[in-house]
Amino acid sequence: LALAGYDVNKAVETLPKVLNLATASGMDLASCTDMVTDTMSALQLQTSDLDGYMDMMAKTAQKSNTTVAMLGEGILQCAGTVKSTGQDVDTMCTSLGILANNGIKGAEGGTHLRNMLLSLTSPTDVASAKLKELGVSVADSEGNIRDINDIFGDLNAKLSKLSDDQKTKALSDIFNKTDAMLQGMSGSFDDLRAQVDNADGACQTMADTMNNNLKGKLAIMDSSLESLGITIFDKFSAPLEDAAEKGSELFSELTKDIKDGDLSDEFDDMGNA
């Protein structure tokens, strides 16, 4: 967290929340912290966005065929494009979840989403002409990029009127290939996004569930024992250091006496006996 630029107060506030996500996802704390800070930075999110962001990630992983770690990999690939095209975080998480349900996960899913957004927002001449021919608008009346699900919803409606060959050709003109995203739009996208939009407390709930078993309780006990050990060490480290130093001096003197001092003859007699 310090390496990510967090000051002490910000780090103290953030760490317990990231610990919940690590517990909920099964990730180790270091990897989870790195993933959260990297993706939040890429999305230009603030600390105040942390709770909602992690809840969305946890809920997406719970309700689609992916994991929090895979979501993190995907987000790192598409975050810049998601931000520049004005897509909301819930739209991004839902899109990555839909892609995961179609077998496109992790960094591949993020690359897929990024390329789709770029194909729509910075289309080739051929793609632009095809979108215009179909009557699909990428931007609203104020020039802002529309939500990707709304764009795909309109595109699906237009493509449904075409033959299979015409549909394949249209998709090839726009995206260079048929895209799995189309298979999950409309109903399933709306269903998943409804879950993601109502994810408040999901991370804490999942962490509590993960801890509510023998393995979780043993982990909590182990953590408590480690905390006790640290406390004891902090309390007694100074006297123990003094004792160790005095013990070292005593053993050094004893060694010297055995070799050539007062105890040398006695040890020689014992050796001869």
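Predicted model: local features only at pLDDT ≥ 70, side-chain atom pairs only at ≥ 80, totals over all residues.
With a relative accessibility of 52%, Gln-44 counts as exposed, because exposure is assigned over 50% relative accessible area. Gln-44 belongs to the loop between H2 and H3, and its phi angle is near 60°, a positive value in a residue other than glycine.

Is Leu-45 buried or exposed? Leu-45 counts as buried at 19% relative accessibility, since the limit for that class is under 20%. In sequence, Leu-45 and Val-89 are 44 residues apart, while their C-alpha atoms are 9.7 Å apart in space.

### Overall architecture and core

The secondary structure of the protein chain consists of 14 helices and zero strands, and of its 273 residues 37% count as buried. The largest nonpolar core holds 55 residues, and those with the most contacts inside it are Leu-21, Val-36, Met-92, Leu-113 and Leu-120. Helix H3 (residues 50–63) supplies the largest share of this core, with seven residues. In soluble globular proteins, nonpolar side chains tend to be buried together.

Thr-91 is located in helix H5 (residues 89–101). This threonine has a relative accessible area of 1% and is therefore buried.

### Salt bridges

The count of salt bridges comes to seven, and three of them are set out here with their nitrogen-to-oxygen distances.

| Side-chain pair | N to O distance |
|---|---|
| Arg-146 and Asp-154 | 2.8 Å |
| Arg-193 and Asp-147 | 2.8 Å |
| Asp-173 and Lys-169 | 2.9 Å |

How many residues apart are Arg-193 and Asp-147, whose pair links distant parts of the chain? They are 46 residues apart, with Arg-193 in helix H11 (residues 187–197) and Asp-147 in the loop between helix H7 (125–134) and helix H8 (148–159). Both partners, Arg-193 and Asp-147, are buried. In the pair formed by Arg-146 and Asp-154, the aspartate, Asp-154, counts as partly exposed because its relative accessibility is 30%.

The pair of Asp-173 and Lys-169 has another setting: both residues lie in helix H9 (residues 164–175), four residues apart, which is about one turn of the helix. Asp-173 is buried, with a relative accessible area of 13%, whereas Lys-169, with a relative accessible area of 48%, is partly exposed. These two residues also take part in a network of salt bridges that links Lys-130, Glu-133, Lys-169 and Asp-173.

### Surface patches

A patch of negative charge on the surface gathers Glu-241, Asp-242, Glu-245, Glu-249 and Glu-253. One of these residues, Glu-241, lies in helix H13 (residues 214–260), and Glu-241 counts as exposed because its relative accessibility is 53%.

Which residues form a nonpolar patch on the surface? Leu-225, Leu-228, Ile-232, Phe-236 and Leu-240 do so, with about 500 Å² of accessible area together. Phe-236, one of the members, lies in helix H13. At 45% relative accessibility, Phe-236 counts as partly exposed, since that class covers the values between the buried limit of under 20% and the exposed limit of over 50%.

Conventions: Residues numbered from 1 in each chain as written. Heavy atoms only, no water. Patch = residues over 30% accessible without salt bridge, like charges linked within 9 Å, V, L, I, M, F, W, Y side chains within 5 Å. Areas by Shrake-Rupley, 256 points an atom, 1.4 Å probe, with all protein chains shown as cover. Salt bridge = Lys/Arg side-chain N within 4 Å of Asp/Glu carboxyl O. Lys, Arg positive; Asp, Glu negative; His and termini not counted. Charge placed at Lys NZ, Arg CZ, Asp CG, Glu CD. Helix = DSSP H or I, 4+ residues; strand = E, 2+ residues; numbered from the N terminus. Buried < 20%, exposed > 50% of the residue type's maximum accessible area, 1.4 Å probe, protein only. Core = buried A, V, L, I, M, F, W, Y, C linked by side-chain atoms within 4.5 Å.
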